[in-house]
Every structure is written in C-alpha cells, then in structure tokens.
Amino acid sequence: TGTVYVFRDRSQQQQVLSVFDSITEAIYVTDMQTHEILYANTHLQELTGKKLIGEVCYRGLHGLDAPCDFCTNEIIQTLGKQPYRWEFHNPALHRDFLITDKVIKWADGRDVRFELAMDITEHKQAEEALKESERTLKELLKSYQRKA
C-alpha cells in the first residue's frame, strides 16, 4: 500500500512536518483500527481549536462518541493505493470540505489513513447563491410572461 520513508535523522523528519504544517489545508493521519489521531497539521489544530494528536478522530473532529457512520476506512482499504475523493459538510466546524483519503504506511509499518481536506465552504455558498439567483430570475421571467 505504499513506500515507507526512513529519515536519516530527526532534522529530515522535522523538515517534512514543517512542509505539512505550512499547508493551509487540513491534514491528519489516523490509525485505522483505533481511530487515534497520529498526526494533525497546524491548520487543522487551529481550525478545531484542539491539539488533536492522541485523540480519537470521531471525538476530536466530529464530537461523536463512536466511529462515524461515514468513515472511509473500509472504502480506502479496498482501493489499495488509489485515493478516495469525496465531499463532506462537517456540522461541528460548520464547514464544507473536498476530502482525499488514502491508505499509507506509517513509520512503524502499519497501514494508516492519510486525509487532506480542502475547505470549499465559500465555493459551496457561491454555488447556492447562484442557484438562488437562477430561481429568482426564472420566477421574474414567468411573472413577466404572464403579464405580457
């Protein structure tokens, strides 16, 4: 399911984590058996207002007491190396995301879920505003046609 990268020293590992922490999209890694968050980038921690690492994903990210009914672990395990892309509205964060989930190898050799979530809330709001404008325009045209 992927290559395990071995860093020559701690500074290489810190450089990679620094890159992930500079990305303004939510990134996290979870153990697929325990749902423990093994890594969460700075952006995600700021978005949630929580440290997250060590918490279970369904509690830390969604405020739930049990694994999510929309968990993608089974889906991505069947896909192997292929990513799974999907949209999700997170009611706990009041945000919409375009998500990519993928199984990767963790440093200790276990398969884990890597998730990158792009915030598309503004895009979704713009889409809805456009649909509403189209509905209003259609109603105005119908009204105009009835009067003519």
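**Ground rules.** I'm working from a predicted model, where local features need pLDDT of at least 70, side-chain atom pairs count only at pLDDT 80 or more, and totals for chains, interfaces and linings use all residues. Residues are numbered from 1 along each chain as its sequence is written, and side-chain values use heavy atoms, with hydrogens and water left out.

"Buried" here is under 20% relative accessible area, with exposed over 50% and partly exposed in between (1.4 Å probe, protein chains only). This core has 14 residues, and Tyr28, Ile37, Ala40, Leu44, Leu52, Leu61 and Ile99 touch the most other members. At least two residues each come from β1 (26-31), β2 (37-40), α3 (57-62), β3 (84-90) and β4 (95-105). I take helices (H or I, at least four residues) and strands (E, at least two) as DSSP runs, numbered from the N terminus. There is also a second, separate core of six residues, including Val29 and Phe114.

**Leu52.** I found Leu52 in the loop between α2 and α3. Leaving aside residues up to four places away in sequence, Leu52 touches Ile37, Ala40, Leu44, Gln45, Gly60 and Leu61 (contact means heavy atoms within 4.5 Å). Its phi is positive, about 75 degrees, although Leu52 is not a glycine. I noted that because most residues other than glycine have a negative phi. Leu52 counts as buried because its relative accessibility is 1%.

β1 and β2 pair in the antiparallel sense over three bridges; pairing takes at least two DSSP bridges. Val29 stands opposite Tyr39 in β2. Five residues lie between the strands, and among them His35 takes a positive phi near 70 degrees. His35 has 13% relative accessibility, so this residue counts as buried.

**The cavity.** How many cavities of 30 Å³ or more does a search of the whole structure find? I got one. A cavity is a set of points on a 1 Å grid over the protein atoms alone where a 1.4 Å probe fits but cannot get out, and lining residues have an atom within 4 Å of a point. The largest cavity holds about 220 Å³ of space. Of its 22 lining residues, Tyr28, Leu61, His62, Ile99 and Glu115 lie nearest the centre.

Definitions and conventions
A nonpolar core is a set of buried Ala, Val, Leu, Ile, Met, Phe, Trp, Tyr and Cys residues joined through side-chain atoms within 4.5 Å. On a 1 Å grid over the protein atoms alone, a cavity is a set of points where a 1.4 Å probe fits but cannot get out, and a pocket is an open set with protein on both sides within 12 Å along at least five of seven lines; lining residues have an atom within 4 Å of a point. Grid points are joined across faces, edges and corners, and a volume is the space filled by probe spheres set on the points.
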